[in-house]
Amino acid sequence: MSTPNPKTIINNKYGARAVFIIESVQDEPAADAPKLLVPQHRQTKFCCHLELPEFSVTSAVFTKKKDAEQAAAKMALDKLGIELSLPKTPQTAEEKCQALKDRVYNVFEDKFLLSYCPFIAHFRAAVQREGDNYGLVPASVISAFDTKIVNLCKSINSRAEMDPALSLALVLNAAKSCSRLLSPVDSFWIGKRVSFYFETKEKLLNWSPEFTGKTDSTMEFRERTESCLFTAIFIPCCFEKKAKSLNLKVEPHQYFLDVIANHLSVADSSHVLISRPLSKASSDARFYFPVPDTLPSVTYLFGNSPISEKRKGSPHCQLKFNKRASNLVGQEIHGDAILAAVGSSWKSLGTMSCEDISLSSYHRMLLNRVPWGSYKISRDAILAAKLPASFTTRSNWRGALPRELLKSFCHINRLSDPTFSLSEADSMEKLQNTNQTQPRQSGSLNATGNESGMLDGVKSEMSEGLDDIQCGELDNEPTGRGPYRCAVKILSKAGDLIIECCSEMPYRNKSHAIQSAALKAINVLNKDNERICLHQDHATFSIVDDMFNFNQKRSPVYDDTSSAQKKLPQKDVDLDHNHEMTDLNITGPDSGKSPSSGTIVCIQYSIFLLGKSVRECLESKEDFEFEFGTGAVIPQLEMCVSSMSVSQSAQFYTSSPPESLILAAAGECAEKISALPLGESGLEYNVTLLRLMEPPEERMEQAFFSPPLSKQRMEYALRLLVESHAESLVDLGCGSGSLFDALLEQKTDLVYIAGVDISMKSLSRAAKVLNSKLDVGHKPRLATESIKSAFIYAGSITNFDRRIHGFDVATCIEVIEHMQEDQAYEFGECALGTLCPRILMVSTPNVEYNPILQRTVLDCKNDSAGEELTEDVEGKSGLACKFRNYDHKFEWTRKQFSDWALKLASQYGYDVEFSGVGGSGEEPGFASQIAVFKRCDPFHGSWLKARKCKICSEDYNESNNTDLEGPYQEVWKWNAR
């Protein structure tokens, strides 16, 4: 038995007089954090102020509210001199049975039942009942609603968790062996031999939540004077019969279990068994079903005479196993069952409460039992969405993440939480990844399989941490720089291995490795659900598969909105709704903007059920996004979208999916649809392609190159720095600091580094990168211990600032294409004419390589002229080639880039060399083209001693000159100690 927590002890002692007040506290940045001028998001933490009649206490600061409350309660207990004592845990079978008897009796004590809210409605009905059953409570209520009794039954016999009838037998025998309790022969009632106190009866008959001492001024309650109407679901034990809605009505002074017993055709409410709740997160939705004719024998544990197998008033001779109900709740249920959310609970503080369970919500519960169904529900797109085959990046993923889907699946099926184990790729594997510089011949943008597209190189994704991974779920966290593999393991509650799998290829991002491993485990579970069934006493989700495959054939569809008869092919129904589409009709002009693999597609759609005299809208979305090429929607919808361009609309037809999918999507019209003959029905899809969001440039590039093109550019810049023996570096358009992150890992001669960018958000990340690398404290210094100063500036690189004048090396990596073309010329004039670095490296995409990256082929008639090609890339002439990023204002051919560079070099006294990365350099050139400008008359002597400036004709010394301010804003700086 577990000890009560401090807050529970305080509440039991003081009731409403104990007031817990939660206060939010903004987390202060660490002392060694970078001093940024940019407002930073800080984690909200909490402290708790506990007010008692005698005194008040305030807890320390915690990340969770409940931890702060428990800490404050513990401080109060210490002040009161109350120690937390752990009750003796019963070990032997006799001790456990005795503990069960004691607990069953405690439930009937006057003091207890007025404070235990879930029992209020049942005991109120007990004192209202007349005749022989006065003061009696159904034993199933005691065995189902008291958590301690549930746990004691499980400790006596582990099968009690799966078999409510076994729990009922244990409670009945415990009551029968207790001299202070009454359990009539051949019945399922339990009561006290001594009547309740008069005060207790009055409080039960005139119940008010204030009796619990747990209400506050914000709560409003009133006595129920009207009938309680709610919708439940009747689930026949015969699998061939459909589940149907059931409208129940409970009068003000009527016991709701009597109403349910009447609909189940049993003698009275004591003959109704109650399951556990469907889930902890849901309302108190439970199954109610008949007590079986024969209860498991447990009399040997209590020394009682056997309970008679013949039940007075029970009409059931044999109860058939209810597959659907058993599957949903994870317990053995026999006979017809009613799924209802009704009764008194902690949330309602003992008052009667009820919620409707519609037919559509029931089918959604059923669908939620499997990961692929949970994903559909998370997207609220039952008939359109499909669990993607691969995980690309978190920014492109829509809906519940794979790790959350896997964790939810384990909770629903009473399995242990999945554990993830990260490991770094071995040195040989890293070497192979580094040496592969040629384009991948079979590279794809994660269109198929969940192992493609590894080593994600997107800058915005690189900073993702493991914030979504809770402590305890991750066995280990490598401290190296990756890339990483992740293994996932799932165990049953008994410790048996259910599944263990690992991502075959490494990922650069830890979070991506975990999500990919989780998705792989889900795919294995979807294909092999027998793994779960072997460790459960009931079928876990093979029954769900049966439900969604129940209707095997579909007939022709008749669209009443058209005079023409539209026939749909008859095909076997499968879970993925993989049927041929017919009569695809696309309308609207072709804009030339069509989706490609990795594109984020946004559509508007509506789906109608078609049948004889029926056209009912099942599902519609005004704005629905998905990643194209990953299988994130049903195949017919993806095939339709692949044939469309932006602003076009389309209509097509498919045969009808399984009936349960239709009812899960139908919502309020599910009741109406369930009464229709769906054998001759189909679906009509109406789709409009609203917009496209191209894949991030670097993720598209890394699909064809290993290491990714971004890494190859960084390595090129690092080689240039080492070979030139540069002592100073300024990264123009430094972004999130990718170059700094790379160069601070290897030995260079750098003494002074600086970065400039216009994005304050990116600069904040760059500052964090530099701060974490340079401010090492007592840790061993990195390879670049020669660095003495580092600065981060906010400003436009088309403006001159004296503080970055005359550096040894300046880099501008994949930046100019984000400007307008005239601004690119302004940048060149500013960089070479006024900043005057000894060496300037500029890289930009080669637009001629785009057809290879985007899997399209330019018309050979139009690939010769630069102007025509640029126009084609912008989509004006209808060709499929596009820019690599929607933020790009232009992309140049090799000729356009060389013309720009040669003109600037001759104008400002520089030599220029052309090269690139990505590909062999043969036609159509490198994927990323590079120009390296070298000054023809470099200054001699140390950069730190003196520099000459074309703006200022005189020499000046860095330490003496104080008039160095320019248009840039200093965001962060660091100086060696």
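Which side chains meet in a salt bridge at 3.3 Å, N to O? The two are those of K773 and D741. A salt bridge here is a side-chain nitrogen of Lys or Arg within 4 Å of a carboxyl oxygen of Asp or Glu. K773 lies in helix α27 (residues 760–774) and D741 in helix α26 (residues 738–743), so the bridge ties together parts that are 32 residues apart in sequence. Helices (H or I, at least four residues) and strands (E, at least two) are DSSP runs, numbered from the N terminus.

The model is predicted, so local features need pLDDT of at least 70 and side-chain atom pairs count only at pLDDT 80 or more, while totals for chains, interfaces and linings use all residues. Residues are numbered from 1 along each chain as its sequence is written, and side-chain values use heavy atoms, with hydrogens and water left out.

Accessibility is the next term. A residue is buried under 20% relative accessible area, exposed over 50%, and partly exposed in between (1.4 Å probe, protein chains only). K773, at 15%, therefore counts as buried, whereas D741, at 22%, counts as partly exposed.

Side chains of opposite charge can pair when their charged atoms come close. The whole structure holds 23 salt bridges. One of them joins E625 and R398, at 3.0 Å from N to O. This pair links distant parts of the chain: E625 is in strand β19 (residues 614–627), R398 is in the loop between α14 (371–379) and α15 (402–412), and 227 residues separate them. Both E625 and R398 are buried. They also belong to a network of salt bridges that links R398, D623, E625 and R691.

Strand β19 also contains R615, which is 69 residues from E684 in strand β21 (residues 681–693). The side chains of E684 and R615 meet in a salt bridge of 2.6 Å, N to O. E684 is buried, with a relative accessible area of 1%, but R615 counts as partly exposed at 37%. A charge sits over a ring if NZ of Lys or CZ of Arg is within 6 Å of the ring centre and within 35 degrees of the ring normal. K13 lies over the face of Y14 at 5.6 Å from the ring centre.

Rings can also pair with each other. A pair of aromatic rings is described by the distance of the centres and the angle of the planes. Rings of Phe, Tyr and Trp (its six-membered ring) pair if their centres lie within 6.5 Å; planes under 30 degrees apart count as stacked, over 60 as edge-to-face and the rest as tilted. The structure holds 19 aromatic pairs. The rings of Y255 and F256 have centres 5.6 Å apart and planes at 65°, so this pair is edge-to-face. Both Y255 and F256 are buried. The rings of F897 and F914, with centres 6.1 Å apart and planes at 75°, are also edge-to-face. F897 is in helix α31 (residues 894–908) and F914 in strand β27 (residues 910–917), 17 residues apart. F897 is buried at 1% relative accessible area, whereas F914 is partly exposed at 40%.

Helix α25 (residues 709–724) has 16 residues, and at 1.5 Å a residue it should span 22 Å; its end C-alpha atoms are 23 Å apart, which agrees. The expected span is 1.5 Å times one less than the number of residues. Among the buried residues of α25 are L709, M714, Y716 and L721. The helix is followed by H725, whose phi is positive, near 55°.
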